[in-house]
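Have the sequence and the 3D view open as you read.

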Amino acid sequence: MNTTRVVAAVVIIAIVLIGAYIAFKPGPPQTPPPTEAPAVKKVKMAIILPGTIQDSGWNTMGYLALAEAGRVLNIETAYSEWVSVPDADRVAREFISTGYNVIIFHGGEYVSVVEKLAPEYPDVSFVMHGDAKIEGLPPNIWNINRLWYLGYYPAGYLAGKMTNTKKVGMIGGIDFPGAIGAVNGFYQGLMASCPDCKFYWAFAGSFDDPLKAKTIAESQISEGCDVIMAYQDLGVYGVVEAARAAPHHVWLIGIDIDKYGVDPERFITTIIADFSELYTEIGR
């Protein structure tokens with residue numbers, strides 16, 4: 001037997017084994033890379049308004065509620081004012097195309113627009129003021145049901161206590177379910193405090209037409225109304241003009257934002273509305 005070859009073979013095997021050990025020797029335990037948290041969808045909130053943010057009423061209130069939600073949640077917000085119902089679809093799609101994923105339709109007149117858009121954009125949240133329970137809505141619709149009766153009933157009751165002529169007027173804007181609820185609530189409150197009062201009411205076709213609202217107010221005043229519920233936004237200034245020019249003192253009741261500063265001698269109360277907390281919660 002050739003001992004030289006055997007020794008050489010043993011040396012070669014040893015070297016191979018040592019190399020294998022070095023190659024496969026386990027190193028220190030490795031810390032796995034941190035798992036990235038799933039990306040949180042960034043909220044961008046936009047509001048569509050039927051009137052101007054300077055109306056000291058419904059639209060001002062909506063704008064301020066959006067601004068408060070943006071401040072609290074530290075999110076990007078945007079608004080579009082004077083949006084008619086036929087134009088609301090286009091405005092909403094423009095917001096969505098630029099990344100806005102919470103779209104608030106701040107008005108009861110937009111319900112049909114929301115019902116059309118929501119199925120097309122399941123990843124977008126839509127807010128509407130439906131003022132009633134609506135069956136079969138997609139899960140991405142927030143339907144705000146405002147209990148108008150709770151605010152307008154006591155306002156009507158107060159009107160019945162304040163009138164001397166027993167003639168009370170109410171000037172609304174657009175005829176939709178929430179507005180009808182407001183009229184009915186006010187009327188029932190009025191009848192509760194003054195059953196023999198006569199009630200005059202009309203819709204101006206707009207919440208923001210001071211001239212039309214003034215014309216209706218003048219008509220009601222000529223009938224003897226000495227208390228008028230001004231269910232108006234920008235149009236309230238027309239009602240105030242008519243009241244100031246009236247041959248007798250006319251008490252006024254406002255909506256949404258305190259109207260006392262508009263005319264302290266005539267506004268006896270305001271039905272305050274504030275959606276700041278609600279819109280903030282929706283954006284969370």
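## A threonine in strand E10

Thr270 sits in strand E10, which spans residues 267-272. Helices (H or I, at least four residues) and strands (E, at least two) are DSSP runs, numbered from the N terminus. Is Thr270 buried or exposed? Thr270 is buried, because its relative accessible area is 13%, and buried means under 20% relative accessible area, exposed over 50%, and partly exposed in between (1.4 Å probe, protein chains only).

## How to read the numbers

This is a predicted model, in which local features need pLDDT of at least 70 and side-chain atom pairs count only at pLDDT 80 or more, while totals for chains, interfaces and linings use all residues. Residues are numbered from 1 along each chain as its sequence is written, and side-chain values use heavy atoms, with hydrogens and water left out.

## Strand E1 and its neighbours

Strand E1 covers residues 44-48. Five of the five residues of E1 are buried, so this strand is largely enclosed by the rest of the structure. Lys44, Ala46 and Ile48 point one way from E1, and Met45 and Ile47 point the other way. E1 pairs with E2 in the parallel sense over five bridges; two strands pair if DSSP finds at least two bridges between them. Across that pairing, Met45 stands opposite Thr77 in E2. Right-handed here means that, with the strands pointing away from the viewer, the path from the first strand over the helix to the second runs clockwise.

E1 also pairs with E3, again in the parallel sense, over four bridges. Ala46 stands opposite Ile103 in E3, and Ile47 has Ile104 as its bridge partner in that strand.

## Strand E3 and the step to E4

Which residues of E3 point which way? Val102 and Ile104 point one way from E3 (residues 102-105), Ile103 and Phe105 point the other way, and all are buried. E3 pairs in the parallel sense with strand E4 (residues 125-128) over three bridges, and there Ile104 stands opposite Val127. The chain gets from E3 to E4 through helix H4 (residues 111-117), and this β-α-β crossover is right-handed.

## Cysteines

A disulfide is a covalent bond between the sulfur atoms of two cysteines; here, a pair of cysteine sulfur atoms within 2.5 Å is counted as one. The structure holds one disulfide. The bond joins Cys194 to Cys197, with an S to S distance of 2.1 Å, and both cysteines are buried. The torsion about the S-S bond of Cys194 and Cys197 is about 85°, so this disulfide is right-handed.

Cys225 is buried, with a relative accessible area of 0%.

## Aromatic rings

A search of the whole structure finds 11 aromatic pairs. Rings of Phe, Tyr and Trp (its six-membered ring) pair if their centres lie within 6.5 Å; planes under 30 degrees apart count as stacked, over 60 as edge-to-face and the rest as tilted. Ring pairs link Trp58, Phe275 and Tyr279 into a cluster.

Lys44 of E1 lies over the face of Tyr100, at 4.5 Å from the ring centre. A charge sits over a ring if NZ of Lys or CZ of Arg is within 6 Å of the ring centre and within 35 degrees of the ring normal.

## Two loops with positive phi

Most residues other than glycine have a negative phi. Asn74, in the loop between helix H2 (58-73) and strand E2 (76-80), has a positive phi near 55°. Asn74 counts as exposed, because its relative accessibility is 70%.

Lys166 lies in the loop between H5 and strand E6 (167-172), and its phi is also positive, near 60°. At 39% relative accessibility, Lys166 counts as partly exposed.
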